[in-house]
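I opened my notebook to look up a few things in this structure, one entry at a time. Here is what I wrote down.

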Amino acid sequence: MSIIFVPHQKKIKIATISFVILIFLGIGVYTTDLLFFKETRVFNNSKSDIASLKNFIKEYPDSKYITQAKILIHDKTYSKMSQDVESLKSFIEKYPDSRHIDEAKILLDDKIYEKMGSNIESLKSFIEKYPDSRHIDEAKARYKKAVDKNISIAGLHMVYVLGGCYQMGDIFGDGGEDDEKPVHEVCIDDFYIGKYEVTQGQWEKIMGYNPSFFDDGDRYPVENVSWNGVQGFIEELNSQSGKNFRLPTEAEWEYAARSGGKRQKYAGGNNVDAVAWYDDNSGDRPHPVGQKEPNDLGIYDMSGNVWEWVSDWYEDDYYAQSPRNNPTGPSSSSYSLRVLRGGDYSIHFEQAEVVRSTSRSAGDPYDKYMFHGFRLALPAK
């Protein structure tokens, strides 16, 4: 057997080369580890928002986190676009293969149904547009219930209002008075409300005389009536009809005016001239009921024409303490005033601001003016 002797100098050289190789290998591993840790850190810091995740994908296209980053972007996009109907529609259109697509379609269906509200016209529109909705049977049942319950008693056309919850008060935050605040949630049971303001002809039929300043005809709203005088009319009407007519509460009135609590500036929409007689278009006098467009419940003139008495006593800070369910107003008024709603035809106030659906006023229950009228309500049960 031969033995190979390696000179001492060569041993040193080989050892040196080996050491250098090991150093380079170590540096490589260390560098790789550093890059990996940096990549992990950047990914973790990018999880909070979509823009950061998109930048991560662009900077690290071969990262082992790339799939996870794309999933996170998708999830965050869905979360961001699932807040309202239009965004959901856009998400479904843009991402038909999304893993959230079925959930998005169900949520869209729910939000559309919820947005339709509880009035007859909205339910009818929903049934026609969305026959395959999972809410269709419920919508049809509610529509039938509402249609079947609209009634006429003693010549008074009453609209059945399906109850619900809504945000009462100055929802737009532009022009509202302090007594319209704070905005607060109110829930209302089913009730009936007059399709029109009570007319001169209807008052005269029950009471035998016409108190109106503008004695213009049977189809004009009765005005120049006090809150106390209205109570006399209601008492006589109930005696003759055997029913339990009353004034609506303030919360019922606003719920009905806003078509079942919708976000409507005026009673029926945001176009004041379409739905209201007020100082810019009335000629400074009331007009026959039912000439302007109705709101979505089919109710006329809840904005403008004449102010309408409601049952509540008036307090300017009542909204801060109002109960949630079927509020009926304070037990008394430090001002000895009753609430008026809806605004009127006259020049005594600031144009369209006073006929907003959330606007409040008040009057002494003994006072009667040529712009004070009313409409009736009736319990659903």
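Predicted model: local features only at pLDDT ≥ 70, side-chain atom pairs only at ≥ 80, totals over all residues.

**Entry 1: Aromatic rings**

I began with the aromatic rings and counted 16 aromatic pairs.

I picked the pair of Phe-56 and Tyr-60. Their ring centres lie 5.0 Å apart and their planes stand at 35 degrees, so I noted the pair as tilted. Stacked would need under 30 degrees and edge-to-face over 60.

Are these two residues buried or exposed? The cut-off for buried is under 20% relative accessible area. Phe-56 has 1% relative accessibility, so it counts as buried. Tyr-60 has 14%, so Tyr-60 counts as buried too.

Next I looked at Trp-203 and Phe-374. This aromatic pair is edge-to-face, with 6.1 Å from centre to centre and 75 degrees between the planes. Trp-203 sits in helix H8 and Phe-374 in strand E9, so the pair ties together parts that are 171 residues apart in sequence. I found both Trp-203 and Phe-374 buried. I also saw that ring pairs join Trp-203, Tyr-209, Phe-233 and Phe-374 into a cluster.

**Entry 2: Helix H9**

H9 covers residues 227–241, which makes 15 residues. From first C-alpha to last it reaches 21 Å, close to the 21 Å expected at 1.5 Å a residue.

I jotted a reminder here: an α-helix has 3.6 residues a turn, so residues three or four places apart point the same way.

Just after H9, Gly-242 takes a positive phi of about 75 degrees.

**Entry 3: Leu-237**

I stayed in helix H9 for Leu-237. Its relative accessibility is 1%, so Leu-237 counts as buried. What does Leu-237 touch, not counting residues up to four places away in sequence? I wrote down Ala-154, Leu-156, Ile-206, Gly-242, Phe-245 and Leu-376. I also checked Leu-237 against Gln-202: they are 35 residues apart in sequence and 9.9 Å apart in space, C-alpha to C-alpha.

**Entry 4: H3 and H4**

Helix H3 (residues 66–81) packs with helix H4 (residues 85–94) at an angle of about 145 degrees, and their axes are 8 Å apart. H3 brings His-74, Thr-77, Tyr-78 and Met-81 to the contact, while H4 brings Ser-87, Leu-88, Ser-90 and Phe-91. Sorting the residues of this contact, I got four nonpolar, four polar and no charged.

H3 has 16 residues and reaches 22 Å, close to the 22 Å expected. Its buried residues are Ile-66, Ala-69, Ile-73, His-74, Thr-77, Tyr-78 and Met-81.

**Entry 5: Glu-250**

My last stop was Glu-250, in helix H10 (residues 250–257). At 2% relative accessibility, Glu-250 counts as buried. Leaving aside neighbours within four places in sequence, I found Glu-250 in contact with Met-168, Val-310, Asp-312, Tyr-319, Val-339, Arg-341 and Arg-360.

Note on methods: Residues numbered from 1 in each chain as written. Heavy atoms only, no water. Axes fitted to C-alpha atoms, helices over the stretch in contact; angles between N-to-C directions. Helix = DSSP H or I, 4+ residues; strand = E, 2+ residues; numbered from the N terminus. Contact = heavy atoms within 4.5 Å. Nonpolar A, V, L, I, M, F, W, Y, C, P; charged D, E, K, R; others polar. Expected span 1.5 Å × (residues − 1). Phe/Tyr/Trp six-rings, centres within 6.5 Å; stacked < 30°, edge-to-face > 60°. Buried < 20%, exposed > 50% of the residue type's maximum accessible area, 1.4 Å probe, protein only.
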